[in-house]
Amino acid sequence: MILPRYHIAASAIRGAGNGLFLDETVAAGRIITAPDGIEQTFRYADLMASPELRAQFHASARWFEDRYTLSPDWPDECYINHSFTPNGLWHLGFVFALAELPAGSEITVDYRHLLPPGQAEDFVDSVTSETIIGLSWQESLASSTHALAELLAAAHH
């Protein structure tokens, strides 16, 4: 679910298609998206072993450890695009605002948190031309937890 008012429009990121844009200001540390309606998660090995599930892998996101969700219906949360300098923090399926985001901001997250460990995205970062490679679960969880702790501590001061 997307908590603030928003709209989907052409992304400002070269080659990204559409993006998710805020229609209201969101304070630093606030939740932009929260998981809901998650009916099932899949182990990576099970996704790769099933031709039917593997065909939908392009619509997957790592949720936790070795568990992935599939969103072949492409909900609006799927329009959040990648950035190595994102304005949203992906943490256990939630996206938090990394700073105060004014209305009109396009929401981005670091896709390395959503990919299988070591897997390269099908495209490169549009700003740096760097390959986007999935982090290990431990690295993803540690870095997003640390970033969230810092963000929430700063928001209380």
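**View 1. The β8–β9 hairpin and its turn.** Strands β8 and β9 make a hairpin with two residues between them, and L92 in the turn has a positive phi of about 55 degrees. Helices (H or I, at least four residues) and strands (E, at least two) are DSSP runs, numbered from the N terminus. The model shown here is predicted, so local features need pLDDT of at least 70 and side-chain atom pairs count only at pLDDT 80 or more, while totals for chains, interfaces and linings use all residues. Residues are numbered from 1 along each chain as its sequence is written, and side-chain values use heavy atoms, with hydrogens and water left out. Most residues other than glycine have a negative phi. L92 is partly exposed at 38% relative accessibility; buried means under 20% relative accessible area, exposed over 50%, and partly exposed in between (1.4 Å probe, protein chains only).

**View 2. What pairs with β9.** Four bridges tie β8 to β9, and the two run antiparallel; strands pair if DSSP finds at least two bridges between them. Look for L89 opposite F96 in β9. Strand β3 (residues 31-33) is also joined to strand β9 (residues 94-97), again antiparallel, by two bridges. Here T33 stands opposite V95.

**View 3. H91 and the residues it touches.** H91 sits in strand β8 (residues 88-91) and counts as buried at 11% relative accessibility. Leaving aside residues up to four places away in sequence, H91 touches F96, L141, S144, T145 and L148. Contact means heavy atoms within 4.5 Å.

**View 4. Two nonpolar cores.** A nonpolar core is a set of buried Ala, Val, Leu, Ile, Met, Phe, Trp, Tyr and Cys residues joined through side-chain atoms within 4.5 Å. The largest one has 18 residues, and I32, V95, I107 and V109 have the most contacts inside it. At least two residues of this core come from each of β2 (18-22), β5 and β9. Another core, of six residues, lies apart from it, with F42, L53, F57 and Y68 among them. Back at V95, the residues touched include I32, I80, L89, I107 and V109, not counting those up to four places away in sequence.

**View 5. A three-stranded open sheet.** The strand order is β4-β6-β5, with antiparallel pairing. β4 (42-43) and β5 (60-64) stand at the edges, each with a single partner strand, so one side of each has no neighbour in the sheet. Two bridges join β4 to strand β6 (residues 67-70), and F42 stands opposite Y68 in β6. Y68 also belongs to an aromatic cluster with Y44 and F57.

View 6. Rings of Phe, Tyr and Trp (its six-membered ring) pair if their centres lie within 6.5 Å; planes under 30 degrees apart count as stacked, over 60 as edge-to-face and the rest as tilted. By this rule there are seven aromatic pairs. W74 and Y79 form one that is edge-to-face, at 6.1 Å centre to centre with 85 degrees between the planes. F94 and F96 form a tilted one, at 6.1 Å centre to centre and 35 degrees between the planes. F94 is partly exposed, with a relative accessible area of 28%, whereas F96 is buried at 9%. W74 is partly exposed too, at 36%. You'll find W74 in the loop between β6 and β7 (81-82), with a positive phi near 55 degrees.
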